Amino acid sequence: MGFTFTFRISWTLMIDQTDLSTRISFRVNGNDVSVASDHPHLLAALRDELNITSAKDGCSPTGQCGCCTIMIDGKAQVSCQYPVAKAEGRSITTLEGVDEAERQSFSDAFAACGGLQCGFCIPGIVMRAKSQIDKKGADLTREEMSRHLGAHLCRCTGYVKILDAIDVVAKGTPVSVALPGGIGSRGAKYEAPELALGDRGYVDDIRVPGMLHAALHLTAHVRADILAIDTADALAAPGVEAIYTADDVPGDIRVGIIYKDWPVFIGVGERTSYAGDVLAIVVARTRREARAAAALIKVIYNPLRPIVDPMQAIT
Ligand code: FES
Ligand code: FES
């Protein structure tokens, strides 16, 4: 999921068109802060301006995955659906600002219960669990918590072990966190505590001075012949450093772990086969500039009827 920042193309851009010079002030983890008002949502202000990265960006601004969940005035909220202006005067808590003993109990519980694999979804789930435990303590039932997990998508652990871990924290059940003692022995997952608390960085959490940002232009049709790709307007857009298409990739353009059958780009004269096919990648000084420019790329398609039968797809 670490590369998904490039996957959210510019049709998702939601710029607050009010007063771009206004600063929005609020408290984060007990500190007074102010941010630019033109972030597309609160998550972007936290991650891109304040460098608070425990809240992950899995799908912004669609509010589907729950990875960006934080607490606003004590209530769990998905921050990618929260307008920056609405944060004025509010008190925000992210996992960085949670009391150390509480952080420890969550990280121990998730590590001991095997409540995570890649860990990308867990910081958001921890914040949701915290808001419920703050409210109900040891009375929080598994059924109640399962309902609240409806706001979260975990694609690799499943929810049973996550619920086990939350139950451990709610009830204060002691757990032992030990790495496996050898082949075949049980033990906590490597880096589980850092993953649970959102402290272990993913690609999207990398911050390097002078870093450029990329945004993809995906196909508008799941199956179509690509007749032309016009990048001129996008190339002239503010902040854009480069645009790449299939024409810029020499040699074999296909990648894959077992079969090399996945084209990194679909070029002019080729055919798309799913909604994630990439037609161009824009590199720009900021994420917002990259996404805005990606939206300016013009493509001429000859749309075809999608193939939805796997047997038909391979014949
Ligand atoms: S990033 Fe906010 S819900 Fe997915
Ligand atoms: S998505 Fe990987 S642990 Fe939940």
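## A first look at His 213

Is His 213 buried or exposed? His 213 is buried, with a relative accessible area of 14%; here buried means under 20% relative accessible area, exposed means over 50%, and partly exposed lies in between (1.4 Å probe, protein chains only). You can find His 213 in strand E6. Helices (H or I, at least four residues) and strands (E, at least two) are DSSP runs, numbered from the N terminus. Not counting residues up to four places away in sequence, His 213 touches Val 282, Val 283, Ala 284, Arg 285, Thr 286, Arg 287 and Ala 290. Such a contact means heavy atoms within 4.5 Å.

## How to read this model

This is a predicted model, in which local features need pLDDT of at least 70 and side-chain atom pairs count only at pLDDT 80 or more, while totals for chains, interfaces and linings use all residues. Residues are numbered from 1 along each chain as its sequence is written, chains are lettered from A and ligands numbered from 1 in the order in which they are written, and side-chain values use heavy atoms, with hydrogens and water left out.

## Three domains

The domain assignment of the protein chain gives domain 1 (4-95), domain 2 (100-196) and domain 3 (213-314); such bounds come from an automatic or database domain assignment. Between domain 1 and domain 2, the C-alpha centres lie 24 Å apart. Domain 1 brings 17 residues to the contact, and domain 2 brings 15 residues.

## A sheet of five strands

Now follow the strands. An open sheet is formed by 5 strands in the order E2-E1-E5-E3-E4, with mixed pairing. Two strands pair if DSSP finds at least two bridges between them. Strand E2 (31-36) and strand E4 (75-78) stand at the edges; each has a single partner strand, so one side of each is left without a neighbour in the sheet. On average, neighbouring strands of this sheet are turned by 40 degrees against each other, direction ignored. Axes are lines fitted to C-alpha atoms, for helices over the stretch in contact, and angles run from 0 to 180 degrees between N-to-C directions.

Two helices meet these strands. Helix H1 (residues 42-49) lies across strand E1 (23-28), E2, E3 and E5, and runs at about 105 degrees to E2. Helix H3 (residues 122-136) packs on the sheet and touches E3, E4 and E5, its direction making about 35 degrees with that of E3.

## Zooming in on strand E3

In a regular strand the side chains alternate between the two faces of the sheet. In E3, Thr 69 and Met 71 point one way and Ile 70 and Ile 72 the other way, and all are buried. Strand E3 (residues 69-72) runs antiparallel to strand E5 (residues 91-93), and 2 bridges join them. Look for Met 71, which stands opposite Thr 93 in E5.

E3 and E4 also run antiparallel, joined by 4 bridges. Here Thr 69 has Val 78 in E4 as its bridge partner. These two strands form a hairpin with 2 residues between them, and Asp 73 in the turn has a positive phi of about 50 degrees.

Thr 219 sits in the loop between strand E6 (213-218) and strand E7 (224-230). Thr 219 counts as buried, at 9% relative accessibility. Its side chain reaches the backbone oxygen of His 221 at 2.7 Å. Setting aside residues up to four places away in sequence, Thr 219 touches several residues, including Thr 272, Tyr 274 and Tyr 301.

Asp 233 is in helix H7 (residues 232-235) and is partly exposed, with a relative accessible area of 42%. Leaving aside neighbours within four places in sequence, Asp 233 is in contact with Leu 296 and Lys 298. Finally, Asp 309 lies in the loop between strand E12 (298-303) and helix H9 (310-314) and counts as partly exposed at 36% relative accessibility. The side chain of Asp 309 reaches the backbone nitrogen of Gln 312 at 2.8 Å.

Key:
Polar contact = N/O pair within 3.5 Å; in protein donor to acceptor, adjacent residues only side chain to side chain.
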